[in-house]
Amino acid sequence: MHADHASLTGLHHLQCASPCQDYAQSGLLREGAWGVLADGCSTGSHTDLGARAWVCGVRDWLLTDPPGQSWANASLMQAWQEHAQPYLATLSGTDALATVGALHANAQRACIALWGDGVVVLKHLDGRVTAIEQRFTLNAPPYPQYWRDRATLLQYEQAYAGQEVWRLTSEFSAEGELLASTKEVSPLDLAQPVWVQSWQWQEQDLSVVMLASDGALSRQDVPQTLNALADFKGLQGEFLKRRVARLYRQWSKDNTLVQDDLSVVAVTCPQTHSQDRS
């Protein structure tokens, strides 16, 4: 089993000489692998620091309390806030605005928890790719920070509680052909704002599970971008950093670099054996 992470500064922040507001980490556990990412909101002056704070807090949770029943929404929300609090203590409320996602895998399954918008990408053993985008129709994701400030949460609820959550699923063949796309629509549920889902490695014939920030959605050809993220030449070492670096070079050459910052984490199936050709 391998885990890796990668981040890119988007074109907007490159042109403004601003820091990347996405951050990610990954690693191995005694019986599994993990990855955490956060995407800072541009509202704050230092949301790059807020993104790092959330990642460090959720990382600590994963390392000290490997996932079990704690992936239920209520306990997960409380645990993430408690573990992130020491890192967020010196930051303002706006600097702490960030979407947060976690990925954990063991020998049987991979599980994601996403608090905000982002993308899950599943690579199948036969080369097929499934990409699932989570979007909010008013472009106002429920940031974890809102639950640290009751007044702010009430303001958010009054302004945006009527928006819908879209999950857009795209299916690709091993050759990269878009086979099908579907959309699942549901009302935003502020009692359970975290999307939690797991996949069995063998039942779904999976080799890699990835979680990405919404920077992956900031190019015009979104489905093709998501499929390209999973086009690995090998799954050894820093397999994800190599893939994202390759895409960066290609996008720069084509003048189609992502507009928004991008962060990605990935874990591989423990039974997957692939020769590294990258």
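Visitor: In this predicted model, does W61 count as buried or exposed?
Guide: The model is predicted. Buried means under 20% relative accessible area. W61 is at 1% relative accessibility, so W61 counts as buried.

Visitor: Does W71 count as buried or exposed?
Guide: The cut-off for buried is under 20%. W71 comes out at 7% relative accessibility, so the label for W71 is buried.

Visitor: How many aromatic pairs does the structure hold?
Guide: Rings pair if their centres lie within 6.5 Å. By that rule, the count for the structure is eight.

Visitor: What is the angle between the planes of W61 and W71?
Guide: These rings form an aromatic pair, 5.6 Å centre to centre. The pair is tilted, and the angle between the planes of W61 and W71 is 45 degrees.

Visitor: How far apart in sequence are the parts that the W61 and W71 pair ties together?
Guide: W61 lies in helix α2, residues 47-64. W71 lies in the loop between α2 and α3. The pair therefore ties together parts whose separation in sequence is ten residues.

Visitor: Which strand does W80 reach through its pair with W115?
Guide: W80 and W115 form a tilted pair, 6.2 Å centre to centre with 40 degrees between the planes. Both residues are buried. W80 lies in helix α3 and W115 in a strand, so the pair ties together parts 35 residues apart in sequence. That strand, residues 109-115, is β5.

Visitor: Which residue lies over the face of W166?
Guide: A charge sits over a ring if NZ of Lys or CZ of Arg is within 6 Å of the ring centre and within 35 degrees of the ring normal. Here the distance from the ring centre is 3.9 Å, and the residue over W166 is K183.

Terms used. Residues numbered from 1 in each chain as written. Predicted model: local features only at pLDDT ≥ 70, side-chain atom pairs only at ≥ 80, totals over all residues. Heavy atoms only, no water. Phe/Tyr/Trp six-rings, centres within 6.5 Å; stacked < 30°, edge-to-face > 60°. Helix = DSSP H or I, 4+ residues; strand = E, 2+ residues; numbered from the N terminus. Buried < 20%, exposed > 50% of the residue type's maximum accessible area, 1.4 Å probe, protein only.
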